[in-house]
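Please look through the structure below with its sequence alongside, and keep both in view while reading the paragraphs that come after.

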Amino acid sequence: MESIVLGVIIHEGRIVIQKLTEEVRPDFRGVPAVMPGGRVKDKERPEDAVVRKIKKDLGIDVLVEGIIATREHPLIPGSSVVYYFCTVMGSSKIQNKNKEKASSVQWVDIATAIILMLTLYSQVLAFLIRHIYGKTLPQNVTLPKLEWLSQDISGLGKKVREGELVAFPTETVYGIGADAFNASAVARIFEVKNRPADNPLIVHVFSLEAIERVAFGFDELSSALVKRFMPGPITVLLAKNNNVPSIVTAGSPYVGVRIPSHGLALEFLSASAVPVAAPSANKSGKPSATHHDHVIEAFGEQLPNVLRAGKTVFGLESTVVLPQNNERLVIMRQGAISQEELQKSFPHVEVAIATSVDLKHAPTPGSKYRHYAPTGKVEVLPLLPKNRLVARVERLYRKALSQGETVAILCTTEVQQLLPTSFTVLPLGSEKKMNAVASNLYSTLIECDARRITKILIQSFSEKKAGRTIMERIRRASEIGIS
Ligand code: TXA
Ligand code: MG
C-alpha cells in the first residue's frame, strides 16, 4: 500500500483537494497543485465525498485514514480547512484520466506527509486568495517550516494595532511594518532605519477591499494590474485618500499599495486588520533582508518583533508602477516583475521605465539614494566571454590581494568552476537560473559584510528580464555615494 498526500479543504460543502507537486521534495520548496473542488452531497460524510472525488479525478481508490488537522480558515469565518490522510487501496494505479491532475501527485512516506500537510496551511491561504482572484500560485513559493507556523501571528498583528513595529516576510524581501494610519508608529520606522523623510513607504494590505481604505477608486488599467498581479511582487501607485497620514507617502498624492503573496505575510496582514506601511527591513542604504536572520542581525534589540519565515522567494523588491491614463505604465522602480512580463500582460499599453520627467511627476526617492551597498568596495566586471572574464578576474583578484584587500568574487557557478579553488568565491547561482541569481544577490552581499570583505568583484549579466533588475541593483550597490 502506498500513501498519497492530499490536502482537502471543505468549505460550505465545497471540496478542494490539494496534491503536492513534484517540486516539493527534497527541500520542501514547491506549492500544492489544486484539483478543482467538488461538493459534499446531502447526508454524505465529508470523508466519503473525498473518496468519491479522488476516484473520479484520479481513478484510484483511497481509504481516508483520519484527519490530520482542522483549523478555521482566517479568511472565511466559520469555515474549516480539513487535512485528511489517505492511503491508496490495493494495487490501484493512478489512471491518466486527467493527465494534468494526475501528473502532479507526490508520493511520500507517512511522516513527511503529516509535516507537509501541516506546513501547507499558509499556502492554502495564499492559494485561496489567488483563487478568489482567479489565478494560480507562483511555482517557487517556499513552504514554511512547522515551527514558523506556531509563532503567535495574531499576537504580532495585535502589536501592530497597538503601535509597535513588526518585521515580517514577504515573497520579495522582509519589511518593517507599522499601522499605516498611526503617524507616530510610522515615524519610528524612519528612525530605526535611518531613512530620509522624503522617501515614501509602501502600504501592504490583505485584500482588494482593503486597498479602498487607503486609495481612491482607480481606473481600468489600475484595476487590471491589481487583478492580474496581486497578490504578488508588484506595488501600484494610486491616488491616496485622506486616511493615510502624509508621513507615509512623504507628502506625495500617490500611495504605493501592495498585496504580498507570501502565506505568512498574508496571515500577518489579516491578523493586523490595518493597512501596514513597510519599507524593506534593512538599515538605509544597505542590501535588503532576504532572511529573518538578516533582520535580527541588522536591528537586534531595536526590533524585537520579527516574524520568522526563512529565505524569501524572489529576493528582489517588488516592481513599483504608476498607471497613467489607461495608456501608459511607468516602472518607477524595477523589481521582481520584469518590464517584459508587464508588457506581455498589457500589449496595448506602453510599458516604460521611468524617465526623469516621470520621476518629477511622482518622485520615487528610493531611486536616488545610495542603496543595496555592502561595506566593501564593489567593482562591476564587464560582460565578457567566459575565458576573458576569468582572465580578468584572476588579474584583479591578485592585484587587490597584493594591495592588502580582503577580496571576494561574486559570480555564477559556471564561472566559479573556471577559477582557482584558492580564490574566495561566493556563488550567486547558475547562469541558467536568473531567478536564483536574483534571490541570492542580497544575501551574498550581506555575507560579504559578515566576512569583512573589503573588495568585491561582481560579474555582470545580460540586461533582459530579471537580468535587468539584477544589473540595476548591482550598479547601485557599486556606487560610491551618500545616504
Ligand atoms: O518588495 C517590496 O517592495 C518591499 C517589501 C517589504 O514589500 N518593500 C520595499 O520598500 O522595498 P522600500 O521602502 O525599501 O522601497 C519602496 C520604494 C522606494 O523606492 C520608494 O521611493 C517607492 O517604493 N515608493 C513608495 N511609495 C511611493 C509613492 N507613494 N510614490 C512614489 N514612490 C514610492
Ligand atoms: Mg528598501
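This is a predicted model: local features need pLDDT of at least 70, side-chain atom pairs count only at pLDDT 80 or more; totals for chains, interfaces and linings use all residues.

Residues are numbered from 1 along each chain as its sequence is written, chains are lettered from A and ligands numbered from 1 in the order in which they are written, and side-chain values use heavy atoms, with hydrogens and water left out.

The chain contains 17 helices and 19 strands, where helices (H or I, at least four residues) and strands (E, at least two) are DSSP runs numbered from the N terminus. Of its 483 residues, 56% count as buried; buried means under 20% relative accessible area, exposed means over 50%, and partly exposed lies in between, with a 1.4 Å probe and protein chains only. The accessible surface of the chain comes to about 20800 Å², and 52% of this belongs to carbon and sulfur atoms; such areas come from the Shrake-Rupley method with a 1.4 Å probe, and for residues only the protein chains shown count as cover. Among contacts (heavy atoms within 4.5 Å) with a separation of 6 or more, 67% are between residues 24 or more positions apart.

The interior can be described through its nonpolar cores, each a set of buried Ala, Val, Leu, Ile, Met, Phe, Trp, Tyr and Cys residues joined through side-chain atoms within 4.5 Å. The largest nonpolar core has 63 residues, and those with the most contacts inside it are Ile211, Leu225, Phe268, Val295, Leu329 and Leu342. The largest share of this core, 6 residues, comes from helix α10 (residues 263–272). Ile211 touches Val205, Phe218, Val226, Met230, Leu238, Val257 and Ile259, not counting residues up to four places away in sequence. A second, separate core of 23 residues includes Val173, Tyr372, Ala408 and Leu410.

Helix α10 itself is mostly covered, with 9 of its 10 residues buried, among them Leu264, Glu267 and Phe268. Just after α10, Ala273 takes a positive phi of about 60°. Most residues other than glycine have a negative phi, and most peptide bonds are trans. Asn194, which is not a glycine, likewise has a positive phi, of about 55°, and lies in the loop between α6 (183–193) and β9 (202–204); at 54% relative accessibility, Asn194 counts as exposed.

Which residues are the closest to ligand 1? They are Thr172, Asn199, His204, Tyr254 and Ser318, out of 25 residues that surround the ligand, a residue being near if one of its heavy atoms lies within 4 Å. An N or O atom in the side chain of Asn199 is 2.6 Å from an oxygen atom of ligand 1, a polar side-chain atom of His204 also lies 2.6 Å from an oxygen atom of the ligand, and for a polar side-chain atom of Ser280 the distance to a ligand oxygen atom is 2.8 Å. Taken alone, ligand 1 exposes 680 Å², and the protein buries 99% of that.

A search of the whole structure finds 3 aromatic pairs; rings of Phe, Tyr and Trp (its six-membered ring) pair if their centres lie within 6.5 Å, and planes under 30 degrees apart count as stacked, over 60 as edge-to-face and the rest as tilted. The rings of Tyr372 and Tyr442 have their centres 5.5 Å apart and their planes at 10°, so this pair is stacked. Tyr372 sits in the loop between α13 (356–361) and β16 (377–380), and Tyr442 in helix α16 (residues 434–450), so that the pair links distant parts of the chain, 70 residues apart. Both Tyr372 and Tyr442 are buried. Tyr397 and Phe423 form another stacked pair, at 3.8 Å centre to centre and 15° between the planes, and both of these residues are buried.

Arg468 lies in helix α17 (residues 466–478) and, at 15% relative accessibility, counts as buried. Its side chain makes a polar contact of 3.3 Å with that of Gln339 and another of 2.8 Å with that of Glu340, a polar contact being a pair of N or O atoms within 3.5 Å; within protein, one must be able to donate a hydrogen and the other to accept it, and residues adjacent in sequence count only if both atoms are side-chain atoms.
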